[in-house]
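Look over the sequence and the model, then read the points below.

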Amino acid sequence: MPWTRTYRNRDEFERAFPQNAGVRGLAYRDAILEATVELMEEDSRVFVMGQGVDDAGGVFGTTKGLHERFGKGRCIDTALAENGITGIAAGAALCGMRPILAHMRVDFIPLSLDQIINHAAKWSYMFGGRASVPLTIRAIIGRGWGSAAQHSQSLQSILANIPGLKVVMPATPYDAKGLLRAAVKDNNPVIIIEHRWLYDHTGHVPEGPYTVPIGKAVVRRAGKDVTIAALSYMVYEALLAAEELKGRGIECEVIDLRTIKPMDTGLITESVKKTGRLVSVDTGWRECGIGAEVVASAVEGAFGSLKAAPVRISLPEAPTPASPALEALYYPGKKEIVYAIEKMVRAV
Amino acid sequence: MEDLLQKIPEETLKNIYSTMLRIRMFEEKIVELYPEQEMRCPVHLCIGQEAVPAGVCANLHAMDYVFSNHRGHGHCIAKGSGFKPLMAELYGKSTGCSGGKGGSMHLIDTENGVMGTSAIVGGGIPMGVGAALASSMRGEERVTVIFFGDGAYDEGVFHESFNFASLKKLPVVFVCENNFYATNSPQSARQPVCRISESARAFNAPGVCVDGNDAAAVYRASREAVERARKGGGPTLIEAATYRWKGHVGPEEDFEKGFRDREELIHWKGRCPINAFAERLAASDIISRRDMEGLARGIEKELDEAVAYAKKSPYPAEHDLLSDVYADNG
């Protein structure tokens with residue numbers, strides 16, 4: 001299907017155009033903007049808020065022009081007060097609105113964890129289902145150009161630990177639109193973590209409304225030897241690794257987790273039962289990270305099928321360095337995935 | 001009749017008195033029954049502070065929103081919540097206002113506009129501002145009142161939220177019940193100024209400090225603030241100076257434990273908001289002493305019924321443990 005293929009930019013998409021005849025290509029950032037415009041057009045309860053949402057850049061283009069189209073009353077620039085603003089968005093959601101709160105960086109979420117963890121996530125349970133907080137929070141992972149320790153974190157595992165929250169990490173433009181729509185329509189707080197390096201990625205995005213279900217992973221490439229469970233930007237690194245390994249006689253099955261919480265453990269275990277081998281590839285840290293959860297799901301659900309110890313590929317246990325020399329060492333990618341899988345397969 | 005009372009309708013004065021008495025007697029019922037250890041949750045009582053919720057909420061309609069905190073029984077009662085769902089919640093029963101999942105610190109009554117009480121100090125403040133944003137976006141004539149204490153003024157989120165409310169001229173009233181203590185830490189150990197209301201000026205909004213033990217003064221100050229909010233004039237910060245008679249948590253006084261001075265408590269008990277108001281209403285022939293006694297008997301009966309209801313109500317079922325973690329998407 002066309003939306004299972006994504007290209008790193010519009011040029012690549014167009015070069016492959018014979019395969020894409022009749023489908024519309026849209027960049028990830030534009031898919032987010034289109035979803036937001038459609039949601040705001042069809043539902044007066046939907047509004048956008050966050051620092052800089054109405055400036056010329058428009059959160060890397062994802063909110064660009066919304067204030068002109070819908071007015072500043074529905075595209076609200078805010079003070080740098082992340083906890084207060086998150087609580088305000090949560091309160092508006094509690095009282096019947098459908099806010100989309102946008103953060104330029106995931107790193108600003110820790111400032112608002114009180115409102116996310118103690119309030120938005122708890123309101124349904126704490127009051128016996130008498131109220132709910134249909135709040136969508138978008139946050140972007142930065143990477144490269146010396147973004148360093150406070151502008152490039154992947155904090156999904158902190159959020160995924162909290163009952164009451166949902167966490168999604170779309171890897172394709174198609175999913176970016178479909179999961180944002182699903183998040184806004186969901187009656188619970190949903191956090192969407194986007195990766196800055198995906199913003200130029202181009203793929204098929206249908207016009208008009210559709211949703212991608214929250215809680216469902218997808219197989220991006222079928223294979224019989226090894227399961228790679230990846231998320232967000234690392235799905236591409238996994239696909240590149242799978243392509244290279246094919247040339248060496250190893251067939252990888254690449255799963256795009258799409259939703260981190262609730263995780264689609266069924267698809268992971270089903271795949272591991274077939275391949276017997278598992279590699280998780282995360283944008284975040286290793287200890288208590290998403291990879292740990294992926295591995296645990298396979299151990300619990302497909303223990304007898306495992307032919308080798310699962311491997312986690314993740315960030316080294318250090319904050320992000322600024323120097324390009326260290327940055328290059330810091331991020332794992334295709335090379336590390338290939339190495340880990342070759343080692344795993346040849347060892348058997 | 002004295003000047004201040006003359007400007008308030010008699011029916012309103014009676015309602016304020018009745019509300020204060022309802023709150024006091026509800027709290028005293030907890031004090032009486034808590035040693036049975038059947039209410040198995042921490043209780044933060046507001047005895048001594050009744051004039052604030054009673055005076056403020058007398059200005060509100062059922063549709064108006066209220067956000068409250070861990071010391072929230074009085075706010076719910078003043079906004080119209082019945083005793084039964086509140087009492088059942090304290091007993092952890094399925095008939096409680098939060099289905100037994102919240103306890104004393106997490107009360108809700110959406111029909112009366114109480115949208116939940118947060119036990120993270122200051123946590124309900126931005127949510128209240130968000131409620132006001134929602135009603136403002138919809139063009140409703142709805143006002144939100146946020147109750148919090150002097151401890152919440154310590155929190156950054158108060159300042160973040162008040163700033164936004166003033167900037168956007170939202171229909172919200174901030175009511176700071178200054179009882180001078182955050183748990184056991186006195187205001188003087190935490191803040192360089194004692195007039196919290198004066199901080200409103202920094203946000204280009206009006207602030208007013210009132211005697212929080214004078215229900216008529218609270219009523220008049222909050223009436224002005226509620227009217228301003230309803231007309232689109234933005235937020236007001238009301239500081240109501242008052243005092244809690246019991247310890248931070250639990251049914252006991254705390255001077256014997258050394259947390260506060262006994263002399264201080266005696267002083268504030270001498271300024272009981274209910275006794276003072278009763279004297280004024282009686283002196284002005286608004287309610288007779290006999291009617292007050294009749295009112296108290298009625299409340300006592302209602303409370304006994306609520307306790308019986310709570311005690312005989314079932315606990316939540318096993319399947320309730322994992323229900324409501326997420327709201328349905330049906």
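Strand 1 and strand 2 (residues 114–118) of chain B pair in the parallel sense over three bridges. Strands are DSSP runs of E with at least two residues, helices are runs of H or I with at least four residues, and both are numbered from the N terminus. Two strands pair if DSSP finds at least two bridges between them. This is a predicted model: local features need pLDDT of at least 70, side-chain atom pairs count only at pLDDT 80 or more, and totals for chains, interfaces and linings use all residues. Residues are numbered from 1 along each chain as its sequence is written, while chains are lettered from A and ligands numbered from 1 in the order in which they are written.

**Strand 1 of chain B**

- Val66(B) stands opposite Val114(B) in strand 2 of chain B.
- Strand 1 of chain B also runs parallel to strand 3 (residues 144–149) of chain B, joined by three bridges.
- There, Val66(B) stands opposite Val145(B).
- Strand 1 of chain B spans residues 65–69, and five of its five residues are buried.
- A residue is buried if 20 or more other C-beta atoms lie within 10 Å of its own, exposed if 12 or fewer, and partly exposed in between, with C-beta atoms placed from the backbone.
- Both faces of this strand are covered: Tyr65(B), Phe67(B) and Asn69(B) lie on one side, Val66(B) and Ser68(B) on the other.

**Contact between chains A and B**

- Chain A gives 35 residues to the contact and chain B gives 37 residues.
- Two residues are in contact if their C-beta atoms, placed from the backbone, lie within 7 Å.
- On the chain A side, helix 4 (82–94), helix 5 (113–120) and helix 6 (123–126) each supply at least two residues.
- Helix 4 of chain A has the largest share, nine residues.
- By class, the chain A side has 16 nonpolar, 16 polar and three charged residues.
- Ala, Val, Leu, Ile, Met, Phe, Trp, Tyr, Cys and Pro count as nonpolar, Asp, Glu, Lys and Arg as charged, and the others, Gly among them, as polar.

**Domains of chain A**

- The domain assignment gives domain 1 (2–204) and domain 2 (218–347); such bounds come from an automatic or database assignment.
- The C-alpha centres of the two domains of chain A lie 25 Å apart.
- In chain A, 25 residues of domain 1 are in contact with 21 residues of domain 2.
- Helix 7, strand 7 (166–168), helix 8 (173–185) and strand 8 (190–195) of chain A each give two or more residues to the domain 1 side.
- That side divides into 14 nonpolar, nine polar and two charged residues.

**A sheet in chain A**

- Five strands of chain A form an open, mixed sheet in the order 10-12-11-14-15.
- Strand 10 (218–221) and strand 15 (311–315) of chain A are the edge strands, each pairing on one side only.
- Strand 14 (residues 278–285) and strand 15 of chain A run parallel, joined by four bridges.
- Trp285(A) stands opposite Leu315(A) in strand 15 of chain A.

**Ala148(A)**

- Ala148(A) is found in the loop between strand 6 (136–141) and helix 7 (156–160) of chain A.
- Ala148(A) counts as partly exposed because it has 16 C-beta neighbours inside 10 Å.
- Leaving aside neighbours within four places in sequence, Ala148(A) is in contact with Thr320(A), Pro321(A) and Ala322(A).
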